[in-house]
Amino acid sequence: GNLWGPALVLCRFLASPSRPAGKYLSGKRVLELGSGTGTVGLAAAALGASVTLSDLQKVLPLTACNMKLNTVTASDTSLAHLDWLEASRWPRGCMPEYDLVLCSDVLYWSDVVPDLALVVGNLLSTRKTTLLWGWVRRHEHVAKELWRALAAQGVIVARLPLNGDFLQSEEGCRVSRHVETYVACARGGRLDPVIAEDALSGFVFDENNCVRGVHSHATPH
């Protein structure tokens, strides 16, 4: 499979010197949606997390192959078939609880936006889960539909500023200058302070340090 720019950027972010040293994700439960190659989820596993890599059934053989190749550095990983259309019909609160949900360039067209937004809203409904999102914005109407659909699910999204070094291309992986990254959680929820550290100034918090909104400068558009 191909390694796309947003996956490389998120991996660099997770492993950057500004994050704590060592396996700082130990004890965290992580879900990667639309894993594909599983690169970002495997990076989280290498940093100590217990990771579930999820995708459509037809994609999982590729994910499984990469998972097998990385068993030494990313041992605590599992696979899950997750069809967003099916999962969007599940009742709120029926999904396993995760500390962190990863999405790396999972969206190209608007037809899956409603299902994806429902799944993300369900996953974040515990108010204890942080979403880390990276993508290349290809179509403005898709972005507008996404932000509108997530807001309808009570998901608060803020831009995650990036170190310019994260956007450097490597041999075999071109990183577009249009890669964007975001952090999100449910309204009234709590963000992971380590993952969201660089984006915290974009959020509005209440007296209990729960997210209640986002400042205009950090609003996705």
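This report walks through helix packing, cysteines and a few loop residues in a predicted model.

Residues are numbered from 1 along each chain as its sequence is written, and side-chain values use heavy atoms, with hydrogens and water left out. Because the model is predicted, local features need pLDDT of at least 70 and side-chain atom pairs count only at pLDDT 80 or more, while totals for chains, interfaces and linings use all residues.

**Two helix pairs**

Helices here are DSSP runs of H or I with at least four residues, strands are runs of E with at least two, and both are numbered from the N terminus. Let us begin with helix α1 (residues 5-14) and helix α2 (residues 39-46), which pack at an angle of about 15 degrees with their axes 9 Å apart. Axes are lines fitted to C-alpha atoms, for helices over the stretch in contact, and angles run from 0 to 180 degrees between N-to-C directions. The helices α1 and α2 are therefore roughly parallel to each other; angles under 35 degrees count as roughly parallel, over 145 as roughly antiparallel, 65 to 115 as roughly perpendicular and the rest as oblique.

The crossing of α1 past α2 is right-handed, a term used if the near helix is turned clockwise from the far one by less than a right angle, with anticlockwise giving left-handed. On the α1 side, the contact is made by A7, L10, C11 and L14, and on the α2 side by T39, V40, A43 and A44. Contact means heavy atoms within 4.5 Å. By class, these residues divide into 7 nonpolar, 1 polar and no charged. In this scheme Ala, Val, Leu, Ile, Met, Phe, Trp, Tyr, Cys and Pro count as nonpolar, Asp, Glu, Lys and Arg as charged, and the others, Gly among them, as polar. As a reminder, an α-helix has 3.6 residues a turn, so residues three or four places apart point the same way.

The crossing of α5 and α6 is right-handed. Here V113, A117 and V120 of α5 meet V142, E145, L146, A149 and L150 of α6. The contact of α5 with α6 has 7 nonpolar, no polar and 1 charged residues.

**How α2 sits in the fold**

Helix α2 is mostly covered, with 6 of its 8 residues buried. Buried means under 20% relative accessible area, exposed over 50% and partly exposed in between, with a 1.4 Å probe and protein chains only. The buried residues of α2 are V40, G41, L42, A43, A44 and A45. They pack against α1, β1 (29-33), β2 (50-55), α3, β3 and β4 (100-104). After α2 comes G48, whose phi is positive, near 105 degrees.

**The cysteines**

The structure holds 0 disulfides, a disulfide being a pair of cysteine sulfur atoms within 2.5 Å. For C65, the closest cysteine sulfur is that of C11, 17 Å away and too far for a bond. For C103, the closest cysteine sulfur is also in C11, at 14 Å, again too far for a bond. C11 itself is found in helix α1, where it touches T39, V40 and A43, not counting residues up to four places away in sequence.

| Cysteine | Relative accessibility | Class |
|---|---|---|
| C11 | 16% | C11 buried |
| C65 | 43% | C65 partly exposed |
| C103 | 0% | C103 buried |

T73 lies in the loop between α3 (60-69) and β3 (77-81), and at 46% relative accessibility T73 is partly exposed. Leaving aside neighbours within four places in sequence, T73 is in contact with K23, A45 and A46. The C-alpha atoms of T73 and A46 are 5.1 Å apart, although these residues are 27 apart along the chain.

Backbone angles draw attention to two other loops. Most residues other than glycine have a negative phi. R127, not a glycine, has a positive phi of about 65 degrees. R127 sits in the loop between α5 and β5 (130-136) and is partly exposed at 47% relative accessibility. N209 also is not a glycine and has a positive phi, near 65 degrees. The loop that holds N209 runs between β8 (203-205) and β9 (211-214), and N209 is partly exposed at 48% relative accessibility.
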